[in-house]
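Here is a short tour for anyone who likes to see the criteria next to the numbers. Please keep the viewer open as you read.

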Amino acid sequence: MNTTWSRFNITSVVLGFAFLYLPIVLLIVFSFNESKLVTVWGGFSTKWYVSLFHNQGLMDATWVTARVGLISATVATVLGTLAALALTRYTRFKGRVLFSGMVFAPLVMPEVITGLSLLLLFVAVGLNRGILTVTLAHITLTMCFVAVVVQSRLITFDRSLEEAAMDLGATPVKTFFQITLPVIMPAIVSGWMLAFTLSLDDLVIASFTSGPGATTLPMKIYSQVRLGVTPEINAACTILIAVVAIGVIIASLANKRREVQRQLDEQAAQRG
Amino acid sequence: MSSAAVTTASASPATSTGKSVHARLGAAFSGRLVIIIPYVWLLFFFLIPFVIVFKISLSQTAIAIPPYTPALDISGGFSGFLAQLKQLNLDNYTWLTQDALYFNAYVTSVIIAAISTVLTLLVGYPIAYGMARAPATIRPTLLMLVILPFWTSFLIRVYAWIGILKPEGLLNQLLLATGVIHQPLIILNTYTAIFIGIVYSYLPFMVLPLYSALEKMDYSLIEAAKDLGCPPTSAFWKITFPLSLPGVIAGCLLVFIPAVGEFVIPDLLGGSQTLMIGKTLWNEFFGNRDWPLSSAVAVILLLLLIVPIMLFQRAQARAQEMDR
Amino acid sequence: MKSLGSIRRDFTPWNDPNAKPYIQFDNVTKKFGDFTAVNNLSLTIFEREFFALLGASGCGKSTLLRMLAGFEEPTAGRILLDGQDLRGIPPYRRPVNMMFQSYALFPHMTVENNIAFGLKQDGMPKPEIAARVAEMLRLVKLEQFAKRKPHQLSGGQRQRVALARSVAKRPKVLLLDEPLGALDKKLREETQFELMDLQQNLGLTFVVVTHDQEEAMTMADRIAIIDKGEVMQVATPAEVYEAPGSRFVAGFVGNVNMFEGKIARGEAGAASIDAGNGITIRTDNAGTASAGTAVTFAIRPEKIKVSSKKPAEAINAIEGEVYDIAYLGDMTVFHVRLDDGQVVRASTMNAARITEDPLSWNDRAWVSFRPDAGVVLTR
């Protein structure tokens, strides 16, 4: 590939990434600040991390968030995968337009609307607000993201693989579990990760749908941020960023190694 | 990459009016459950809630639990339901039109979202273009770097800007120290801060569709245009930009729609002086506990966004058709 | 029509009125919405035959194959296999296997698991599966690749895995969809002969879909030429080439010169054709066409001689001007423009290194051919 990567192009990419990353980097740097004044450097310290672990409220919120994230991501992955299958495999059924509308709309729907409407639903059916309602709300939101991720994989799925399996005597059920599911599994896994992150990240919908005793981490952070910026919050944020970043980097490195291995294999195969 | 070529080479007449093997594949293992389960879920947790929002927007505020009247009560049967219907009225909507606060909030929200969308496009396009032109070997890494912030908390990324923008914040420290300014700039708690926050937070949503449109483009088209005597700038406007238009549209809708109803950014960066509808709704709900009025606010907001949302869905469907 | 016989082997069940058909398409129609892919088509294939469906892309040949495999059901008509109506039988219960154009190798399975897949579906005992897989790997010479995944193989190796997988179950019929389409030219030619050997050794019935006439001619016992969902002709490769049944077939397979004309005088197969502009063609192959019939006289380029002087013995000789010469190494192709403007293509084998009668551009030249060299087409 020898298309020219001009100085202008390089500059815009570098500046763009600087814009994207600088605030996060500053946040991380100042989480190690000795001074209580977040924006004045007073020397290196990890004391905010220590005090963080003694903040029972934050620890509880973390535990709530983790539980909501794990359960909602898992259920959302199942539902989202089904929705993706329905959208790609059934080109015509009654109410398909409405269905695809309901899958795509939550992607852009302002969160205040989704949050308010779900809350009113839970009140109408008499469901007490708590971890359950937050989980249900997150499932509804994130299943649509899973559906989009899995669907884009299914669209490029080579249907002749399924035909080949059936041609060789596999029943449709066996074909699905032995061929289709293993082949689209990487997309399902990244759908799960996306769902988990979205759940971890959500403030607005959680604020509407949660109740006493079900304060999630973003809600906790938000309420503290409103009181003012503290290095402790910086530390909490840094840990959250580190967890996600490490997860994503490991996943992409594993992916990359597989890809490199694959290319080496292919080259070897070409040679003989 | 011969494997990719092989898998895409299988053009088969899969669309059949008759019962194709795929229809049978689906029907057999699912009994249509594949459709029914997510369908019912979304009907119950996505569509019905909107109906409830609409119904409650026609109710009255009450000091009760839940804080509106008439309460949705199914025990009265159909006649009871009809009686409830009679109690509904348009008072909340009348109120919304009479109080200039709400009208202003809607208008400023749309204007702020529109300006932010244009700004995001202006910032995002050169980045996406630069990425698409980057050597193929580093493109996946660049792509990952754009996606990575998206995986970190939205709230945290907005919060990080407070420390930068506030009067004694890092930006002012830098500018004062370098002598560019002598008085700290007031950015935090202004619309400028909201613009910065939206552009920053939604930048990946703009860059990703732009990148995928630009990356697909065959660079030899530009060379052909130049070869035919078209100067570079003109080649950009005549070839590159029109071909990236699907990405531009998708990116703008992905930024504009959620930005109109944005709450976190105006709340944390905009302060009390700025007016946006998402924040207004939040305050009505959590501050004043006026559920019917906030429902009415949500209904109007939804009506405002229904056209862009449908445009977004059409664009999505079209993109899928092209991938097929 | 007189048979020119099989060059390859003594296997001609289609000429035996008592031979039992193995695969029968009976007035099969397949519609996709408004588009008719297969139009009221009937076809008979015999056991152990190597049968080719030849046609341009979109002619309906792949649809025929997919209906046989069970991926599509005919809109009308029926398909019989060994006397059994296949309607309603799902692909996983049909005793036919298919080799896919894309190979459709399962990317998450090793070569041996790909080959074993069909056997496992049948519940074959494990030791037998292992033995059969080993046998198949030997057959396609991939023993040392058993543990590889498909992406670790070259294109040719993948093709052989796909082949091994589709014959592992010993199907009654093997369907091959453009089996050599993804291979480069040299590998394709080698593999053609391997496929023929395999078919002979296993004694299977092969139905191959291809758009490559050379491939069909090389491998098949008989070829069905398909156009717009209809069979244009079913015949051996030699018949298709030497005795095409219609203008379409003559033009579709190989190069041909065509003269439009009317039968002027005819007796017992021999006839004169008045091709206009003073050109009269004498032929022995007029069949039953009676005087006055509008016909097309078709003649292959290699059956036309080009010379600078009118050959004394020639019955058919027409004068023209050399318009183009293409030297291809093994042969030379002349384009001669006749005096009425029609361009005739003639090819000459370059048997000697230097031609005695060198013709050059714009030379006057004579094209001549024997009365039995061409065919008369009425369709």
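## About the model

This is a predicted model, in which local features need pLDDT of at least 70 and side-chain atom pairs count only at pLDDT 80 or more, while totals for chains, interfaces and linings use all residues. Residues are numbered from 1 along each chain as its sequence is written, chains are lettered from A and ligands numbered from 1 in the order in which they are written, and side-chain values use heavy atoms, with hydrogens and water left out.

## Chain A

Chain A has eleven helices and zero strands; here helices (H or I, at least four residues) and strands (E, at least two) are DSSP runs, numbered from the N terminus. Along the principal axes, the C-alpha atoms of chain A fill a box of roughly 70 × 60 × 35 Å.

## The sheet of chain C

Chain C holds an open sheet of four strands, in the order 2-1-4-5 and with antiparallel pairing. Two strands count as paired if DSSP finds at least two bridges between them. The edges are strand 2 (35-45) and strand 5 (84-85) of chain C, each of which pairs on one side only.

Strand 1 (residues 23-32) of chain C is linked to strand 2 of chain C by seven bridges in the antiparallel sense. In this pairing, Ile23(C) sits opposite Ile45(C) of strand 2. Helix 1 (residues 61-69) of chain C packs on the sheet and touches strand 1, strand 2 and strand 4 (76-81) of chain C; contact means heavy atoms within 4.5 Å. The direction of helix 1 makes about 115° with that of strand 1 of chain C, where axes are lines fitted to C-alpha atoms, for helices over the stretch in contact, and angles run from 0 to 180 degrees between N-to-C directions.

## Where chain B meets chain A

On the chain B side, 105 residues are in contact with 104 residues of chain A. Together the two chains bury about 9,400 Å², with 78% of it on carbon and sulfur atoms; buried area is the accessible area (1.4 Å probe) that two parts lose on being put together, summed over both.

How many salt bridges does the rule find across the interface of chain B and chain A? The count is zero, a salt bridge being a side-chain nitrogen of Lys or Arg within 4 Å of a carboxyl oxygen of Asp or Glu. Helix 3 (residues 33-56) of chain B gives the most to the side that touches chain A, with 18 residues.

## Where chain C meets chain A

This contact takes 27 residues from chain C and 23 residues from chain A. The area buried between them is about 2,200 Å², of which carbon and sulfur atoms give 59%. In chain C, Tyr92(C), Gln121(C) and His151(C) lose the most area to chain A, together 28% of what that side buries.

Chain C and chain A share one salt bridge: the side chains of Arg66(C) and Glu163(A) meet at 2.7 Å, N to O. Helix 1, strand 6 (96-99), helix 2 (111-121) and helix 4 (155-167) of chain C each supply at least two residues of the side that touches chain A.

## Salt bridges overall

Over all chains, the structure holds 23 salt bridges. One of them joins Arg94(C) and Glu73(C), with the closest N and O atoms 3.8 Å apart. Arg94(C) lies in the loop between strand 5 and strand 6 of chain C and Glu73(C) in the loop between helix 1 and strand 4 of chain C, so this pair ties together parts that are 21 residues apart in sequence.
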